[in-house]
Every structure is written in C-alpha cells, then in structure tokens.
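Please look over the sequence and the structure shown here before reading on. The report below is meant for a reader who is meeting this structure for the first time.

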Amino acid sequence: MNITQHLFSIDLVCLLAGCGGAKNNTTPSSLPISSASAASSPIALSSTSSSSNSSSSIASTPRLIAYGSNPMQVGELRLPQTTSNKALPLVIIIHGGCWVSAYADYRFMAGFAQAVTNLGYATWNIEYRALGTGGNWPIIFQDINQAVDYTRTLAQSYPIDENKVAVIGHSAGGHLALWTASRINLKSDSDLYTKNPLAISGVISLAGIANVTGNNSCNSLASEVIGLPIRSPNDNLTQRLQETSPLQMLPTRTNTILISGSADGIVPSSMGEEYSTKATELGDHSLHYVLPSLGHFDLIDASKTNWTLYQQSLQEFFKD
C-alpha cells in the first residue's frame with residue numbers, strides 16, 4: 001500500500017467509523033517555517049545533508065527482534081554500514097495509524113527507518129499492541145515503555161550508544177514519542193510508571209497528536225487509548241490526562257521538535273504550535289516547524305520532505 005492509498009484508507013475508515021475532527025486541506029501559497037522560539041533556533045537549514053558518522057551508505061539487513069513475549073512486541077533494528085568504530089546513536093521510530101492495528105504497523109515506517117539509518121544512525125522501528133490487537137488501556141503505553149527501555153538490552157549485543165537516543169513518531173506515533181519524553185513525570189502509583197526510564201536526548205513529532213483531547217481525525221479513538229471518555233471531564237479524567245496526554249504532562253526537560261504540514265487535514269498544525277508554545281513557556285526547549293504544502297503522510301515520504309531539517313535536528317540532539 002503506498003502513501004496515497006493509505007491516506008485514502010484512513011480517511012474512508014474515519015468517515016465510516018466517525019473518527020471526528022474537522023478536515024482542512026487548504027494549502028497556503030507559502031508558509032514560512034515557524035517555531036515557538038525561532039530566534040533561538042539552533043538549526044540552520046542548508047541544501048545538503050551530512051552523516052553523523054565518518055562514512056555511511058545503505059543500511060544493513062534489518063533484524064526483527066522481540067522485546068517481549070507477545071507476538072506484537074517486536075521491532076526492526078537497522079544498523080548503517082559505517083567504518084566508524086564508535087557506538088552509534090539510536091533513533092527509535094514509532095508508527096501511527098490512530099492507535100489502531102488495522103490502520104498501520106511497523107512495516108509502514110520501514111522506508112522511513114531505512115532513510116534515517118542511511119543518515120548514519122541505528123534505528124529501532126517498533127511494533128506495539130494497539131486497538132484491535134489487545135492494546136486497550138494501559139497496554140499501548142506499557143508496550144512503548146518496554147520497547148524503548150529495551151535499548152539497554154540491544155546495546156549489549158550491538159554497537160548502540162544508549163546515552164544517545166532520540167525518538168521519532170508520526171501521527172498517533174508522534175503522541176507516543178512525545179509521551180516517552182514525559183515518562184519522567186509519572187508517579188510511582190501510575191499503571192504506566194516504570195522505574196529508571198531510559199533517558200531521551202530528544203523527540204521529533206511528525207504531525208503528532210500532542211493533545212489527546214484536541215481536534216484531530218483520531219479524536220474519538222482516544223477514549224479507548226486512555227481508558228476514560230475524553231468528553232466527560234472529571235477528576236479521574238484530569239489525572240488520566242496527566243499520565244497520557246503530552247500537552248498536560250509538561251515540562252519534560254527534553255528537547256522536542258514538532259513538524260507539521262500546512263496541508264495536513266488529519267492533525268492540524270495548530271496542535272504542534274500549542275504544544276511547543278506551552279513547552280517553551282514552562283522552560284523546555286521546543287521548536288515547531290510548519291512545512292509549506294505538505295500533507296499528513298508527506299512528512300514521512302523522503303521524496304517530499306526536507307531531510308536536512310531531520311538530520312540537523314538529530315545532530316543537535318546528539319552533539320557532545
């Protein structure tokens with residue numbers, strides 16, 4: 001299934017199932033890259049890209065590795081072909097699909113993972129139990145915990161630097177990526193708490209659902225993901241949002257970069273701006289970029305996206 005077909009598939013399913021969220025496919029003729037703190041942005045865009053290592057070419061054959069006992073608890077590990085003897089920074093990749101297994105799985109991000117690996121990074125493209133495969137509350141988050149923290153185990157057998165780990169997520173995967181940066185705020189009595197979570201160098205959210213109560217095409221499914229109706233506010237819901245919704249879990253003390261497409265009719269760019277603005281106000285270093293004329297799935301299409309932005313963002317995360 002190509003990206004256009006997948007976009008049509010999700011739009012059709014949302015139309016039939018009532019995913020909610022107003023669609024806005026208006027594409028401005030031009031829209032500058034923006035950020036909550038553009039003046040202090042460390043990223044200078046250029047027309048060329050360079051690898052983080054001295055030499056890299058195509059990624060090695062991906063290895064499908066289990067991080068748990070459930071068949072869905074697997075990930076694809078890719079390592080770049082490089083002459084460097086240094087341990088490699090790792091980029092964890094989390095697919096989207098409205099948190100629904102029928103919409104996407106780790107294979108949907110395989111091409112994206114390959115492209116990131118070709119930049120000179122190890123990549124860990126993870127699968128997790130989602131809605132339809134046992135991922136109701138609190139399983140999705142527990143699987144993400146387990147997959148991310150499995151980095152320490154991977155580093156025992158592969159040349160991975162567990163002290164240099166970034167997370168990239170798309171759409172609902174962007175929600176989960178931002179959530180990994182927020183785990184440090186979980187209290188020990190939470191169902192999602194994990195002791196000594198892996199430190200994250202930075203997060204890139206591509207059209208991510210930064211606010212689970214916000215206006216987006218996956219909105220009506222959020223209640224199943226967080227285990228409570230998101231449209232009936234009460235004290236229990238407030239606590240649950242403080243455990244699951246990145247906007248409500250700030251600050252993270254982690255660098256975050258949110259990237260939106262101006263033509264995204266599934267997750268509006270305003271959601272990324274809302275998160276980045278609040279994160280900056282609370283002391284985090286967070287930037288938001290709006291890429292002109294790009295739609296929801298263009299952000300993971302290497303032929304349509306400015307990969308220099310992605311590469312230089314990762315370099316900023318991993319700098320010594």
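This is a predicted model: local features need pLDDT of at least 70, side-chain atom pairs count only at pLDDT 80 or more; totals for chains, interfaces and linings use all residues.

## The largest nonpolar core

The largest nonpolar core has 61 residues, and the members that touch the most other members are Ile92, Ile94, Trp99, Trp124 and Ile144. Among the elements that give two or more residues to this core are strands S3 (88–94), S4 (122–126) and S5 (160–170), together with helices including H3 (139–149), H5 (172–182) and H8 (269–281). The largest share, six residues, comes from H5.

Ile94, leaving aside its neighbours within four places in sequence, is in contact with residues that include Ile126, Ile144, Val167, Ile168, Leu176 and Ala177.

## Helix H5

Helix H5 is mostly covered, with 11 of its 11 residues buried. The buried residues of H5 include Gly173, Gly174, His175, Trp179, Thr180 and Ser182.

## The disulfide

The structure holds one disulfide, which joins Cys98 to Cys218 with an S to S distance of 2.0 Å. This pair links distant parts of the chain, 120 residues apart, since Cys98 lies in the loop between S3 and helix H2 (110–117), while Cys218 lies in the loop between strand S6 (202–206) and H6.

The torsion about the S-S bond of Cys98 and Cys218 is about -70 degrees, and the disulfide is therefore left-handed. Cys98 is buried, with a relative accessible area of 1%, and Cys218, at 0% relative accessibility, also counts as buried.

Definitions and conventions:
Residues are numbered from 1 along each chain as its sequence is written. Side-chain values use heavy atoms; hydrogens and water are left out. A nonpolar core is a set of buried Ala, Val, Leu, Ile, Met, Phe, Trp, Tyr and Cys residues joined through side-chain atoms within 4.5 Å. Buried means under 20% relative accessible area, exposed over 50%, partly exposed in between (1.4 Å probe, protein chains only). Helices (H or I, at least four residues) and strands (E, at least two) are DSSP runs, numbered from the N terminus. Contact means heavy atoms within 4.5 Å. A disulfide is a pair of cysteine sulfur atoms within 2.5 Å.
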